[in-house]
Amino acid sequence: MESPLLLFPQLNISASKEKPYYKVMKPTVKEEPHKASKPGAKQKRNRLSLLLQKSEFHEGEHLGKPGSLAKAASSVSPEEAVKWGESFDKLLSEKAGLDAFTKFLKTEFSEENIEFWIACEDYKRSKTSHELLPKAKTIYETFIQKDAPKEVNLDFQTKEATSQSMEHPILTTFDAAQNTVYRLMEQDSYPRFLRSDPYLSLLKGRTPTRPALRRRSRSFTVNDFKGVRPDFTVW
């Protein structure tokens, strides 16, 4: 009786080792190219980031560069810090002052105001009409329109006038809104910055410490104490 041949040569003793009976085929998998992501909020943030990077006002540097206020103002002399207190305009005209004020606003969760002001400064430096429309659209969608990711506080008339001018944007399209935000920072945030510990440390020639974040406190009500029995053991 003849012994049956097996399909696998390593198990078939009588089969010739020189003649292969099977062949392993590796499946070929085609890698599909990555699909382009749909335009959305991410692309808007990228456009805004590019807008801020190209601004001549920054002199090629990021305001949002990581680091504490101590790092940004480590080379600031007390004499320079004194000039920041002369006027709000003087503070913003100094690169170190602008960086220090921006980081201070981040501790108060209101950095959208200075970012909007900087974006408007860059917008007014546009040299051709072709630059105005994409920049204006980015600024409007980021800071002004309803439920914008970094919506600034504007009165109804200013917001309405700015919205209407978006059909045909010009160099002065955001002037009214920028002036409103400027006055808000000058009258509200700037005085608090001058009273902050980091700024006072600069005046004294000391390295400023990292400012603490301001958190909203929660007010207790009568309902919070319902059902709570006094513990007389603490007396």
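In the predicted model, helix H6 passes helix H9 in a left-handed crossing. Two packed helices are described by the angle between their axes and the distance between the axes. For H6, which spans residues 112-123, and H9, which spans residues 175-195, the packing angle is about 140° and the axes lie 10 Å apart. An angle over 145 degrees would count as roughly antiparallel and one of 65 to 115 degrees as roughly perpendicular; H6 and H9 are therefore oblique to each other.

The contact draws on residues from both helices. H6 contributes Asn113, Ile114, Phe116, Trp117, Cys120 and Glu121, which meet Ala177, Gln178, Val181, Tyr182, Leu184 and Met185 of H9. Sorted by class, the residues in this contact comprise 9 nonpolar, 2 polar and 1 charged.

Two loop residues were examined for their backbone geometry and accessibility. Phe109 is not a glycine, yet its phi is positive, at about 60°. This residue is placed in the loop between helix H5 (95-107) and H6.

With a relative accessibility of 64%, Asp147 counts as exposed.

Key: Residues numbered from 1 in each chain as written. Predicted model: local features only at pLDDT ≥ 70, side-chain atom pairs only at ≥ 80, totals over all residues. Heavy atoms only, no water. Axes fitted to C-alpha atoms, helices over the stretch in contact; angles between N-to-C directions. Helix = DSSP H or I, 4+ residues; strand = E, 2+ residues; numbered from the N terminus. Parallel < 35°, antiparallel > 145°, perpendicular 65-115°, else oblique. Left-handed = near helix turned anticlockwise from the far one by under 90°. Contact = heavy atoms within 4.5 Å. Nonpolar A, V, L, I, M, F, W, Y, C, P; charged D, E, K, R; others polar. Buried < 20%, exposed > 50% of the residue type's maximum accessible area, 1.4 Å probe, protein only.
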